[in-house]
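Thanks for coming. I have one structure today, and I will keep it short.

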4 protein chains.
Amino acid sequence: VKKVGIVGATGYTGVELLRFLVNHPNIEISMVTSRANAGSRVDAMFPNLRGYLDLEFVKPDLDALCECDLVFFATPNGIAMQSTPALLAAGTKVIDLAADFRIKDVAVWEKWYGMTHACPDLLGDAVYGLPEINREQIQQANLIANPGCYPTAVTLGFLPLLKAGCIQLDDLIADTKSGVSGAGRKANVATLFSETSESFKAYAVMGHRHQPEIAQTLSHFAGDAVDLTFTPHLIPMIRGIQATLYAKKQGNTDNLTQLYTDYYQNEPFVDILPEGVPPETRSVRSSNMCQISVNQPENSRRIVVLSVIDNLVKGAAGQAIQNMNLMLGFDEATTLRQPALLP
Amino acid sequence: VKKVGIVGATGYTGVELLRFLVNHPNIEISMVTSRANAGSRVDAMFPNLRGYLDLEFVKPDLDALCECDLVFFATPNGIAMQSTPALLAAGTKVIDLAADFRIKDVAVWEKWYGMTHACPDLLGDAVYGLPEINREQIQQANLIANPGCYPTAVTLGFLPLLKAGCIQLDDLIADTKSGVSGAGRKANVATLFSETSESFKAYAVMGHRHQPEIAQTLSHFAGDAVDLTFTPHLIPMIRGIQATLYAKKQGNTDNLTQLYTDYYQNEPFVDILPEGVPPETRSVRSSNMCQISVNQPENSRRIVVLSVIDNLVKGAAGQAIQNMNLMLGFDEATTLRQPALLP
Amino acid sequence: VKKVGIVGATGYTGVELLRFLVNHPNIEISMVTSRANAGSRVDAMFPNLRGYLDLEFVKPDLDALCECDLVFFATPNGIAMQSTPALLAAGTKVIDLAADFRIKDVAVWEKWYGMTHACPDLLGDAVYGLPEINREQIQQANLIANPGCYPTAVTLGFLPLLKAGCIQLDDLIADTKSGVSGAGRKANVATLFSETSESFKAYAVMGHRHQPEIAQTLSHFAGDAVDLTFTPHLIPMIRGIQATLYAKKQGNTDNLTQLYTDYYQNEPFVDILPEGVPPETRSVRSSNMCQISVNQPENSRRIVVLSVIDNLVKGAAGQAIQNMNLMLGFDEATTLRQPALLP
Amino acid sequence: VKKVGIVGATGYTGVELLRFLVNHPNIEISMVTSRANAGSRVDAMFPNLRGYLDLEFVKPDLDALCECDLVFFATPNGIAMQSTPALLAAGTKVIDLAADFRIKDVAVWEKWYGMTHACPDLLGDAVYGLPEINREQIQQANLIANPGCYPTAVTLGFLPLLKAGCIQLDDLIADTKSGVSGAGRKANVATLFSETSESFKAYAVMGHRHQPEIAQTLSHFAGDAVDLTFTPHLIPMIRGIQATLYAKKQGNTDNLTQLYTDYYQNEPFVDILPEGVPPETRSVRSSNMCQISVNQPENSRRIVVLSVIDNLVKGAAGQAIQNMNLMLGFDEATTLRQPALLP
């Protein structure tokens with residue numbers, strides 16, 4: 001049994017980690033930290049955990065965290081990088097669910113995240129935790145940059161097309177839509193129920209932090225720079241991301257659904273639907289699955305890929321646990337093999 | 001491994017049974033029936049089950065069902081009673097998630113359900129499947145009347161007060177609220193998104209079928225007739241029931257929270273919150289838990305009990321599986337020990 | 001044309017006042033104040049007003065406000081009472097949409113609102129702005145305490161029964177439910193979309209500020225103290241209040257629907273539905289109407305009254321404008337005669 | 001005062017027409033037809049109209065309809081074309097809110113709508129009722145094809161770019177999203193609350209009827225065929241459409257916001273927001289306004305236009321009334337100048 005700690009578990013990714021971890025047979029939750037809530041029970045804040053977790057929040061203490069085998073950071077951007085060097089030095093593995101280690105180019109990172117990086121030398125060691133592209137490196141990694149929610153949906157949707165070379169790299173569009181939980185659990189007028197229910201809007205249309213993260217992965221994978229237009233939108237629902245991806249055909253584009261099915265045939269958490277069957281976010285809600293369909297519409301010169309995930313699961317906590325399972329040598333799907341909640 | 005069949009699995013209680021059963025270690029899903037959808041895959045209708053269930057719907061066939069150890073009826077009212085005598089005769093246990101066996105008095109049943117009962121002689125044998133009051137009988141039963149969703153929330157909320165004799169029997173009120181999934185998965189203008197979202201209303205205010213079901217249980221338990229006013233409402237959300245219960249004090253009403261905690265101390269799926277902490281339906285969404293708080297407000301002569309469940313789980317499929325576990329000799333909580341999905 | 005000012009118009013009652021006032025033929029909006037947003041355009045915060053209102057927020061300035069004929073306070077509790085004496089002295093009429101002047105007994109007010117009242121001597125002069133009971137006084141008033149949202153729905157629902165003497169005063173229950181906009185437009189974790197959507201809960205179950213406000217009005221009207229149990233709940237929708245009212249019958253209770261219809265026959269904004277037809281909050285959404293049905297259910301010794309309003313309109317801004325129309329001698333329904341938005 | 005009839009007013013566009021028309025000073029609602037509901041009061045089906053409309057549904061009767069000055073068809077596709085020739089012959093003007101007269105090429109129409117057109121000779125006379133492009137023709141017209149909801153949002157969003165020639169015609173994308181009311185008020189499993197709430201999906205991804213309608217208008221306007229990829233999605237909300245439009249730059253693209261502002265400067269119902277300010281559907285909910293922003297994001301070679309409308313108002317009933325006002329010689333904005341309902 002491995003000892004696991006969670007730093008900053010008062011947000012949605014924190015409680016979601018706990019929901020899966022309390023039923024994980026091979027780990028023990030050693031500590032759950034929150035500076036503001038130290039001393040109060042975790043299940044007082046999250047009553048869904050009553051009967052499943054008998055812990056209080058504790059103040060984050062680096063020495064105590066160093067006794068864990070693995071620590072999750074479910075914190076705002078800029079926190080994990082403060083403690084990661086010490087944890088790694090102590091032999092504790094780290095999975096950062098925030099963005100501290102997602103971008104390899106420190107200048108790009110500092111531009112988009114508006115702060116100086118505390119340990120840029122670790123950016124090279126950090127493994128981007130998308131098992132579908134980096135499974136072996138993740139198994140060997142001590143430091144995981146858990147991917148962003150949009151990047152997970154978009155990257156998994158574009159990969160087989162890039163691999164097959166049947167789209168133009170200089171003309172990609174990702175029109176993405178997310179539920180409100182992606183904005184986190186913090187007091188904020190803009191994400192009040194009365195501000196977001198019964199409404200839909202784009203946001204960050206002039207530029208969003210996930211654009212360079214996606215472009216980095218796709219460019220690396222394609223071996224050449226991609227041109228990606230990325231437009232995020234806010235959906236009046238709690239969970240779920242849909243990425244609608246547009247790419248211009250190049251070369252042979254027959255049998256794209258077969259291409260995708262083959263590409264992901266051994267993946268436990270990517271599922272390809274038939275052409276013309278649009279995935280629904282509810283079919284993956286609460287689950288670690290990504291469902292994708294690839295389509296060539298009538299009246300269009302383009303390929304349209306539809307990719308859905310639960311932003312808090314495959315887009316955050318579930319993927320982090322998938323990474324943990326790989327890092328600690330467990331079956332990759334442990335505690336994650338559960339059908340989505342429908343309806 | 002026991003063989004289990006599900007009749008009529010195209011509704012929400014059907015897919016919810018499947019969500020839990022695919023991960024049950026001691027059973028095998030032998031068949032899933034649907035007259036209208038025979039020949040199509042179950043996971044084509046419910047894509048959350050892709051990868052978890054490799055079955056097609058089949059036409060309901062009594063001989064085939066008789067080879068199951070246990071059959072769930074997730075059908076409209078009036079269906080289960082047609083086949084139950086034959087199934088019982090064949091040694092197959094039956095759990096009816098509809099109302100066919102819930103009311104002991106056949107005249108009352110026929111009044112509220114508007115049809116002639118097909119096997120009134122079985123009403124006496126059927127066990128009302130609320131484990132918190134009938135655990136031993138359920139373990140011995142061959143035929144279970146799975147309780148209604150409202151009756152589960154209301155009955156669990158009132159029981160300790162009735163048992164302790166600290167309320168007047170002739171003056172009970174249950175103001176209840178349910179998510180829209182309680183109305184089922186059938187084409188209907190009244191439960192369209194555009195009819196029910198951003199709105200709230202009472203319904204069936206002049207009389208609802210669950211009133212006699214609740215009154216029957218409470219009266220039986222109290223040993224005397226209760227007078228119960230029951231008002232159901234529709235909430236613009238998918239899952240969840242809240243029952244707000246009002247009772248007039250009688251005798252000693254100190255330490256009611258302790259009374260409830262003691263009463264339910266061995267129950268795996270009833271959880272008592274402190275006074276003044278209102279339960280939220282989301283804290284039990286997707287889970288089999290019932291959370292209750294009992295309160296004595298300022299400015300009031302009344303006790304106010306707040307009771308929440310997920311109508312599709314503790315109010316239907318989860319409770320049915322809890323009953324199945326008891327009937328088949330498994331651990332009562334098998335496949336049901338999962339924290340609720342929050343948020 | 002009368003000059004009207006709005007203090008604190010960055011909340012939901014503020015924007016709702018503006019929605020109605022921009023189309024009012026007899027008034028001119030002189031100023032809209034906000035300390036935090038002074039200098040920015042009102043329609044930058046509320047883009048629904050683009051093209052309808054060409055004003056910037058200004059800092060609240062008492063001298064400037066004194067030049068208005070009437071000032072609305074759409075502020076948090078405790079603000080209006082600071083400036084009201086000066087405004088009244090200058091001949092400016094005041095409508096407070098907050099609670100500063102709702103409770104006649106200053107000790108009760110100070111207990112529930114947790115502050116010292118700034119001008120308790122004005123409590124006697126303030127007229128409770130429910131036109132259905134105080135129309136003549138409102139016409140003469142200089143200071144209006146605009147009723148709370150719950151009190152409006154509950155009071156209008158109980159009045160005809162109290163008037164007719166056909167219920168027991170010592171046993172009233174108001175089980176009330178409100179949309180989330182009732183909590184206002186301020187940064188707050190508890191009213192985030194992800195905290196309130198797909199969930200339902202009671203709150204303030206041990207005691208809520210609207211209980212004494214309602215009890216004051218009902219007791220005054222009945223001529224004797226009433227005993228009222230009041231339980232508010234939060235509905236996952238933006239707008240709407242439903243009050244489900246329970247009262248024990250006394251004397252003749254025939255023809256209650258006729259009683260209600262007669263009682264409210266001259267009221268432009270109270271509408272009585274037939275028995276057994278439950279009102280829906282959406283039927284009054286965006287409108288100043290209160291719809292009510294009065295019911296005597298089967299299996300019950302009680303009268304069940306169902307009363308719905310839009311909490312931001314008849315429960316706040318619409319009622320304030322109804323009061324303004326009366327105070328300034330306009331037709332009472334000016335700018336308010338609009339059907340609700342359905343769906 | 002002109003006499004107006006509405007055929008098929010039991011759907012959402014019907015009740016929305018009524019909401020606006022009851023307050024129109026220059027018309028009288030002569031009759032409201034519904035075959036299924038003849039003899040019952042309109043306000044029994046739509047209680048928001050209680051007190052505003054004292055009519056019963058009547059069976060559609062062609063002679064009676066011919067006595068109206070103008071008839072709206074708020075019917076399913078294929079109904080209006082049956083009666084239109086007779087109405088026109090009688091001198092009654094017709095506005096069809098369905099699709100019968102939207103497509104000029106009868107073969108294209110018959111392919112997408114799956115029926116034989118009843119009066120293809122009228123397709124040439126019918127004026128496409130988008131006032132922003134056809135105002136003069138509408139004023140003279142006797143038969144209006146009221147545009148589809150998506151086509152309104154998409155066309156208004158692309159027009160200034162086409163006019164200015166600063167985009168490539170062969171590479172347009174419209175990623176569109178609609179609230180559920182667009183699917184109408186008919187019994188249907190797919191649009192139940194429990195099927196559509198807390199979920200998001202694309203639909204009709206292989207081809208949708210609105211694609212040829214949009215392409216027809218844009219091509220006509222550009223003077224050359226456009227290539228348009230059109231992907232509709234379903235949003236879990238009642239009202240609102242967002243169109244996110246992508247076009248590849250060509251020539252000078254400076255000052256696009258100024259271009260749009262100038263282009264629509266005299267339009268009462270098109271409003272241009274600053275670049276980088278994304279419109280929200282709620283800012284136009286219940287109103288006839290279209291709000292648009294045009295953006296050139298960082299990291300993109302494309303122009304991204306965001307266009308929002310209320311699908312039931314500018315996308316249906318409001319636009320129909322705008323057309324009626326033009327046809328009957330009233331001020332174009334009569335009864336339509338109302339700020340949106342926010343929140």
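I will go through one interface and then one residue elsewhere.

This is a predicted model, so please keep that in mind throughout.

Start with chains D and B. Chain D superposes on chain B by a rotation of 180° with 0.0 Å of shift along the axis, at an RMSD of 0.0 Å. The two copies are thus related as by a two-fold rotation axis. As for the surface used, 100% of the interface residues of chain D are also interface residues in chain B, so the copies meet through the same surface.

How much area is buried between chain D and chain B? About 1,600 Å², with carbon and sulfur atoms giving 67% of that. On the chain D side, the residues that lose the most area to chain B are D:Leu192, D:Phe193 and D:Ser194, together 40% of what that side buries. In terms of contacts, 20 residues of chain D touch 20 residues of chain B.

D:Arg185 forms a salt bridge with B:Glu195, where the closest N and O atoms are 3.3 Å apart. Helix H8 of chain D, residues 193-196, supplies the largest share of the side that touches chain B, with four residues. By type, that side of chain D has nine nonpolar, seven polar and four charged residues.

Last, a residue in chain C. C:Thr334 sits in the segment after helix H11 (317-328). Is C:Thr334 buried or exposed? At 14% relative accessibility it counts as buried. Beyond its neighbours within four places in sequence, C:Thr334 contacts C:His24, C:Pro25, C:Asn26, C:Ile321 and C:Asn325.

Note on methods. Residues numbered from 1 in each chain as written. Chains lettered and ligands numbered in written order. Predicted model: local features only at pLDDT ≥ 70, side-chain atom pairs only at ≥ 80, totals over all residues. Heavy atoms only, no water. Least-squares fit on C-alpha atoms with pLDDT ≥ 70 in both. Contact = heavy atoms within 4.5 Å. Helix = DSSP H or I, 4+ residues; strand = E, 2+ residues; numbered from the N terminus. Buried < 20%, exposed > 50% of the residue type's maximum accessible area, 1.4 Å probe, protein only. Buried area = accessible area lost by both parts, 1.4 Å probe. Salt bridge = Lys/Arg side-chain N within 4 Å of Asp/Glu carboxyl O. Nonpolar A, V, L, I, M, F, W, Y, C, P; charged D, E, K, R; others polar.
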